[in-house]
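Please look through the model shown here with the sequence at hand, and follow the paragraphs below from one region to the next.

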Amino acid sequence: MTITAADIKIGMCIEMDGKTFLVVDFQHCKPGKGPAFVRSKLKNLENGRVLENTFSSVGQKIEQVRVERRPYQFTYEDDLGAHFMHTETFEEINIEKSLINNYDLMADGQIVEVMFHTDKEQVLSAELPPIVDMEVTYTEPGIKGDTASTNSLKPATVNTGATVRVPLFINTGDKIRVDTRTREYYERIK
């Protein structure tokens, strides 16, 4: 489906130079002198790199890619990559680790949203939920008096093996929530 640069929206997938990109951000610019244009930040869904692109005219034609998001459950990992099972049809697929955002934060049985190119039936990316629950398997104990401060952070290893930065009052064995988009501590679960 062909659209113009003026029709770009955040979250839309487009195709340029034979590659598929996700629109991360855009801005319509209309200078006092000269024609209007569109500045955009595009994420390459093949390698994950974000690049800035300027469409010189709001009437410039762009090819929109039809995508479909489907829920899959992480089952296991081997030399071929990560294996997932569709939660409704029980179909199994294999996804390369590089296509999964923050792969090291994914626990066994984790539900992820897999984005497919509908025309090619090709996996574009897999995203974890925005917030996931984890258990701290190791962190240095907090020193008495330091635990009231929430501005200071220390490294902590969670049950998936990933390292996240947590406040000083978090101890080994605590259950926490982690924001998978920023890899930051969100809150402690009581």
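Is Q122 buried, partly exposed or exposed? In this predicted model, Q122 has a relative accessibility of 36% and therefore counts as partly exposed, since that class covers the range between the 20% limit for buried residues and the 50% limit for exposed ones. The residue belongs to strand β11, which covers residues 122-127, and, when residues up to four places away in sequence are not counted, Q122 touches M115, F116 and H117. A6, by contrast, is 116 residues from Q122 in sequence, and the two C-alpha atoms are 27 Å apart in space.

Strand β11 takes its place in an open sheet of 5 strands, which are arranged in the order β9-β8-β7-β10-β11 with antiparallel pairing. Its edges are formed by β9 (92-95) and β11, each of which pairs on one side only, and neighbouring strands of the sheet are turned against each other by 45° on average, direction ignored. Within this sheet, β7 and β10 run antiparallel and are joined by 7 bridges; one of the residues to look for is Q73, whose bridge partner in β10 is I111.

In one of them, the ring centres of Y72 and F116 are 6.0 Å apart and the planes stand at 45°, so the pair is tilted. Because Y72 lies in strand β7 (residues 67-78) and F116 in strand β10 (residues 111-117), this pair ties together parts that are 44 residues apart in sequence. Both Y72 and F116 are buried. A charged residue also meets this pair, as R70 lies over the face of F116, at 4.0 Å from the ring centre.

Another pair is formed by F169 and Y185, whose ring centres are 6.5 Å apart and whose planes stand at 80°, so the pair is edge-to-face. Here too distant parts of the chain are linked, with F169 in the loop between β14 and β15 and Y185 in strand β16 (residues 184-189), 16 residues apart.

The loop between β14 (163-167) and β15 (175-179) also holds D174, which has a relative accessible area of 18% and is therefore buried. A polar atom of the D174 side chain lies 2.9 Å from the backbone nitrogen of N171. Leaving aside neighbours within four places in sequence, D174 is in contact with M134, E135, V136, F169 and R188.

Note on methods
Residues are numbered from 1 along each chain as its sequence is written. This is a predicted model: local features need pLDDT of at least 70, side-chain atom pairs count only at pLDDT 80 or more; totals for chains, interfaces and linings use all residues. Side-chain values use heavy atoms; hydrogens and water are left out. Helices (H or I, at least four residues) and strands (E, at least two) are DSSP runs, numbered from the N terminus. Buried means under 20% relative accessible area, exposed over 50%, partly exposed in between (1.4 Å probe, protein chains only). A polar contact is a pair of N or O atoms within 3.5 Å; within protein, one must be able to donate a hydrogen and the other to accept it, and residues adjacent in sequence count only if both atoms are side-chain atoms. Contact means heavy atoms within 4.5 Å. Rings of Phe, Tyr and Trp (its six-membered ring) pair if their centres lie within 6.5 Å; planes under 30 degrees apart count as stacked, over 60 as edge-to-face and the rest as tilted. A charge sits over a ring if NZ of Lys or CZ of Arg is within 6 Å of the ring centre and within 35 degrees of the ring normal. Two strands pair if DSSP finds at least two bridges between them. Axes are lines fitted to C-alpha atoms, for helices over the stretch in contact, and angles run from 0 to 180 degrees between N-to-C directions.
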